[in-house]
Amino acid sequence: TVSNPKKTKVLISRIVALLRRSKKSAKTSRIEINDMVIDEERFVVIKGGKEIILPKKEFKLLKLLAGAPNKVFTRDEIFVKVWGEDVIVGDRTIDVHVRKIREKIGIDNIRTVKGVGYKFEA
């Protein structure tokens, strides 16, 4: 047993902090929108009960856009968050990946914002 009240308070605060952190990580590992689930833990998209395996970059791009519905991501933001700062890719790379995601999953939620970037409409 813990007899010191200070130690008890410290222990309780640590437990609360751990629980808070575990809830945050649980929320970010799975995104559910209508009949689509993006499961980061299993690295799979489930649409209408069917599992769809996407290549890594397509998966990361979909997760980024769907993780913040209606937020417009600039092309630069997408490049940095999906490909990283040190990677040089062509201008049409994002467009090609978005087209492939739309085809494979059969969704039209990813909207092009002319001259800016992309957004996911929920």
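Visitor: Is D95 buried or exposed?

Guide: Keep in mind that we're looking at a predicted model. The cut-off for buried is under 20% relative accessible area. D95 has a relative accessible area of 13%, so it falls on that side of the line: buried.

Visitor: Which residue does D95 form a salt bridge with?

Guide: Side chains of opposite charge can pair when their charged atoms come close. For D95, the closest N and O atoms of the pair are 2.5 Å apart, and the partner is R75.

Visitor: How many residues apart in sequence are the parts that D95 and R75 tie together?

Guide: D95 forms a salt bridge with R75. D95 sits in helix α4 (residues 93–105), while R75 belongs to helix α3 (residues 75–83), so the pair ties together parts whose separation in sequence is 20 residues.

Visitor: And R75 itself, what does its 28% relative accessibility make it?

Guide: Buried would need a value under 20%, and exposed one over 50%. R75 has 28% relative accessibility, so it counts as partly exposed.

Visitor: How many bridges join β2 to β3?

Guide: Strands of a sheet pair through backbone hydrogen bonds, either parallel or antiparallel. Here β2 and strand β3 (residues 44–47) run antiparallel. The number of bridges joining β2 to β3 is four.

Visitor: What does D39 count as at 8% relative accessibility, buried or exposed?

Guide: D39 is found in strand β2 (residues 36–39). Leaving aside neighbours within four places in sequence, D39 is in contact with S29, R30, V44 and F59. A value under 20% is what buried requires, and D39 has 8%, so it counts as buried.

Visitor: The side chain of D39 has a polar atom 3.1 Å from a backbone nitrogen. Which residue does that nitrogen belong to?

Guide: Start from D39 in strand β2. A polar atom of its side chain lies 3.1 Å from the backbone nitrogen of E41.

Visitor: Which residues are linked with D39 in a network of salt bridges?

Guide: A search of the whole structure finds 13 salt bridges. One of them joins E51 and R42, with the closest N and O atoms 2.3 Å apart. Both E51 and R42 are partly exposed. In the network, D39 is linked with R30, E32, R42 and E51.

Visitor: Last stop, the largest nonpolar core. Which element gives the largest share of it?

Guide: This core has 26 residues, and among those touching the most other members are V45, L62 and I78. Leaving aside neighbours within four places in sequence, I78 is in contact with residues including L61, L64 and L65. The elements giving two or more residues to the core include β1, β2, α3 and β7 (117–120). The largest share, six residues, comes from α2.

Notes
Residues numbered from 1 in each chain as written. Predicted model: local features only at pLDDT ≥ 70, side-chain atom pairs only at ≥ 80, totals over all residues. Heavy atoms only, no water. Buried < 20%, exposed > 50% of the residue type's maximum accessible area, 1.4 Å probe, protein only. Polar contact = N/O pair within 3.5 Å; in protein donor to acceptor, adjacent residues only side chain to side chain. Contact = heavy atoms within 4.5 Å. Pairing = 2+ DSSP bridges. Salt bridge = Lys/Arg side-chain N within 4 Å of Asp/Glu carboxyl O. Core = buried A, V, L, I, M, F, W, Y, C linked by side-chain atoms within 4.5 Å.
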